[in-house]
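Let's talk about aromatic rings today. Please bring the model up on the screen.

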Amino acid sequence: MKTELELYEILYLINPNFTEQELEEKIEYYQNFLIASGSQVVVQNRGKRNLSYTIKGFDVANYIQMMYVGNEQLIKALNVQINRDETVLRHLTTKVNKF
């Protein structure tokens with residue numbers, strides 16, 4: 001298993017019925033989870049956007065993009081946390097290639 005740190009991006013869609021405070025708390029939760037694991041994180045709240053198709057009964061979602069430094073273990077731990085969270089409608093993690 002690689003222990004080398006690499007750059008990753010995760011885009012996750014959150015329930016659109018959240019208030020601004022609830023949304024900020026959810027973003028901070030995942031940001032703090034990564035920071036506590038020794039990662040550096042950059043977060044961008046992309047706002048509410050229409051979905052191309054209905055996901056879990058929603059046509060709109062809050063788009064959150066996070067860039068972070070991590071390894072395979074951290075990705076697995078983050079995915080477990082997000083999969084358990086019913087307010088996250090969908091998520092996608094990608095590795096950012098070096099130029």
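Tyr68 is buried, at 0% relative accessibility. Buried here means under 20% relative accessible area, exposed means over 50%, and partly exposed is in between, with a 1.4 Å probe and protein chains only. A word on the source: this is a predicted model, where local features need pLDDT of at least 70, side-chain atom pairs count only at pLDDT 80 or more, and totals for chains, interfaces and linings use all residues. Residues are numbered from 1 along each chain as its sequence is written, and side-chain values use heavy atoms, with hydrogens and water left out.

Now the pairs. Rings of Phe, Tyr and Trp (its six-membered ring) pair if their centres lie within 6.5 Å; planes under 30 degrees apart are stacked, over 60 edge-to-face, the rest tilted. That rule gives three aromatic pairs.

Tyr68 pairs with Tyr8. The two are stacked, 6.0 Å centre to centre, with 25° between the planes. They link distant parts of the chain: Tyr8 is in strand 1 (residues 6-14), Tyr68 in strand 3 (residues 58-70), 60 residues apart. Strands are DSSP runs (E, at least two residues), numbered from the N terminus. Tyr8 is buried too, at 8%.

Next, Tyr29 and Tyr30. How are they arranged, stacked or edge-to-face? Edge-to-face: 5.1 Å centre to centre, 80° between the planes. Tyr29 is partly exposed at 42%. Tyr30 is buried at 1%. Ring pairs join Tyr12, Tyr29 and Tyr30 into a cluster.

Last, a charge. The charged end of Arg49 sits over the ring of Tyr63, 5.8 Å from its centre. The rule: NZ of Lys or CZ of Arg within 6 Å of the ring centre and within 35 degrees of the ring normal.

Notes: Helices (H or I, at least four residues) and strands (E, at least two) are DSSP runs, numbered from the N terminus.
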